[in-house]
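Subject: Structure handover

Hi,

Here is the structure for you to look over. My notes on it follow below.

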Amino acid sequence: MEKETEFQGVSTPLPNREGQGEGLLNRFLKQTTFTSVEDYNKNLKFIIPENFNFAYDVMDAWAEEKPDGLAILWTNDQGEEIRTTFVQLKEQTDQAASYLMSLGIGKNDPVMLILKRRYEWWVIMLALHKIGAIVIPATHMLTKKDIIYRNTRASVKAIICVDDAYVVSQIQAAMPESPMVKQYITVTDHGKPIPEGFHDWQSEWQQAPKFKKPAFVNENDDTMLMYFTSGTSGEPKMVAHDYLYAMGHLTTGVFWHNLHEGSLHLTVADTGWGKAVWGKFYGQWFAGATVFVFDHEKFNADTLLRQIEKYKVTSFCAPPTIYRFMIREDLSKYDLSSLEYCCTAGEALNPAVFDKFKEKTGIKMMEGFGQTETTMTLGTFPWMEPKPGSMGIPNAQYDIDLLRADGTSCEDGEKGEIVIRVGDKKPIGLFKGYYRDEEKTREAWHDGVYHTGDMAWRDEDGYYWFEGRIDDVIKSSGYRIGPFEVESALMTHPAVVECAITGVPDDIRGMVVKATVVLGKEWKDKAGDDLVKELQQHVKKVTAPYKYPRIVEFVDELPKTISGKIRRVEIRNKDAEK
């Protein structure tokens, strides 16, 4: 679908990349600098090497091109720091690859990583790429049942985990029903006892022989990485990505995050979530930026802001939930002058959050959209002015359209499903399919179209606006109501920290709108009928009156997936049980 659009002018200074890694970017792009959306759409062209491997072709290339450049600045909530240059990272990943090979791990072997934000995650990810193994990042919140499910579905050969009592106990409980797993490795601190049945990473990995690169590592369409979807509905599916998926994130880091070699970038994401490789790995290192990592057990807005202040972070990305808590702090207490650029993804951004953050910092958040199955498909780029609440425009590496239920294309202003049109050649960044599940793959990807399952509409300028998952759309008295538009209206009320909009069956209207609301701490004692009416009247004033929530429930927290997304399906199921 081609559409002539007019975009407003540049909203932020573009980085000067002259002499900064242009040689490396020139290996993968025919043009590395763009001045407008039109220029980007017309001239974004990838150069695809044979047998591309991110660890060798990007990270080892940086080790040669700027060996003393800072690749990682890692710190934790105990005040520890690790600063690693590109050449040091190459040495560490070579050694780690040799160690893993000594344990019998090789090409196409699925290896599950449960490492939280431990520094070793970055080293082991690259090491597994270097030997052609299949990486399966996973969250530390998995239960015994979850681990058995993943081990069985993916034929996991090895598990490398953090030395966390809960994580280790769940893995050990899963062992009897996981005969396919041959190696268990734990990353712990020196001197701590090693769980029974586990290898000790710290004492063993540096004892391995000198690394010898395998004669053949991968082809471009080999499986490199698999993520289990976060399961907002149904059992998690295994999303399989090939080696060009890493290259697909070049646009994420270099153009959406607007990074350069002088950038110190922080993305708030656990390593078990796909957002980690969006924001803490591939795209950032294509740009030659430094990845900043803050390893912490529990999120606290004040602590995070102090880290940005202390280390002079220049670029920041987080889901809207994080920004919601940040803007409730007195931001005048922090020196955030180092911040140049801020992005958000993971869920749609409420305009009220955008406005408040800009008011307090002067920075306009640049929103992006994608899925576990893709890289960034829609985004707000440096050459355009963001519209608060809009996901932006299609990324030029994908052919994006909006479809009606009958498969025809939507007009501007009309709600439809976001899809990716796939021609004769799969676009760089799109997944290979759901591993070992041809039926699920065909459901989502057929007739040359990948269906995202997400609803949106497009305005006259070509900007896309999120409506919700297809399953989340509420049909009430003949109206189709997207949950996000009601959530955005509620979020403009000062009492509301978070909310989720769902539909509840109703004999007369078919469904009615329900709001499940988390209140700010100063409002919690006011929860009651008067506040319910106040919120209902507020929504009627902000958006169309028929969309207001007829039911309002106050809760302490919303049910979320392991990746932090709101599980509206869980709210609907609980209401159905009632």
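This is a predicted model: local features need pLDDT of at least 70, side-chain atom pairs count only at pLDDT 80 or more; totals for chains, interfaces and linings use all residues.

Start with Arg509, which is partly exposed, with a relative accessible area of 28%. Arg509 sits in the loop between β25 and β26. Tyr479 is 30 residues away from Arg509 along the chain, and their C-alpha atoms are 9.7 Å apart.

The sheet around that loop

β25 and β26 belong to an open sheet of three strands, ordered β25-β26-β27, and its pairing is mixed. β25 (496-506) and β27 (551-555) form the edges, each pairing on one side only. From one strand to the next, the twist averages 25°. β26 (residues 510-519) pairs with β27 in the parallel sense, over five bridges. Within that pair, Lys514 stands opposite Ile551 of β27.

Two helices lie across this sheet. Helix α17 (residues 483-491) lies across β25 and β26 and runs at about 140° to β25. Helix α18 (residues 529-542) lies across β25, β26 and β27, at about 120° to β27.

Strand β22 and its partners

β22 (residues 464-469) is mostly covered, with five of its six residues buried. β22 pairs with β16 (residues 390-394) in the antiparallel sense over two bridges. β22 also pairs with β21 (residues 449-458), again antiparallel, over five bridges. Which residue of β22 is the bridge partner of Ser390? It is Trp465. Trp465 is also the bridge partner of Trp457. β21 and β22 form a hairpin with five residues between the strands, and Gly462 there takes a positive phi near 90°.

Helix α6

Which residues of α6 (residues 144-154) are buried? They are Ile147, Ile148, Arg150, Asn151 and Ala154. They sit on the same side of α6, because they cover an arc of only 165° around the axis.

What do the buried residues of α6 pack against? The list has strands β3 (110-114), β4 (134-137), β5 (158-162), β8 (223-228) and β9 (238-242), along with helix α7 (165-174). Ser155 follows α6 and has a positive phi, near 55°.

The α4/α5 crossing

Helix α4 (residues 86-102) meets helix α5 (residues 120-131). Their axes come within 8 Å and cross at roughly 65°. The crossing is right-handed. From α4, the contact is made by Leu89, Lys90, Gln92, Thr93, Asp94, Ala96, Ala97, Leu100 and Met101. From α5, the contact residues are Val123, Ile124, Leu126, Ala127, Leu128, Lys130 and Ile131. By type, the contact divides into eleven nonpolar, two polar and three charged residues.

Where to look

Best wishes

Conventions: Residues are numbered from 1 along each chain as its sequence is written. Side-chain values use heavy atoms; hydrogens and water are left out. Axes are lines fitted to C-alpha atoms, for helices over the stretch in contact, and angles run from 0 to 180 degrees between N-to-C directions. Helices (H or I, at least four residues) and strands (E, at least two) are DSSP runs, numbered from the N terminus. A crossing is left-handed if the near helix is turned anticlockwise from the far one by less than a right angle, and right-handed if clockwise. Contact means heavy atoms within 4.5 Å. Ala, Val, Leu, Ile, Met, Phe, Trp, Tyr, Cys and Pro count as nonpolar, Asp, Glu, Lys and Arg as charged, and the others, Gly among them, as polar. Buried means under 20% relative accessible area, exposed over 50%, partly exposed in between (1.4 Å probe, protein chains only). Two strands pair if DSSP finds at least two bridges between them. The arc is that of the directions from the helix axis to the C-beta atoms.
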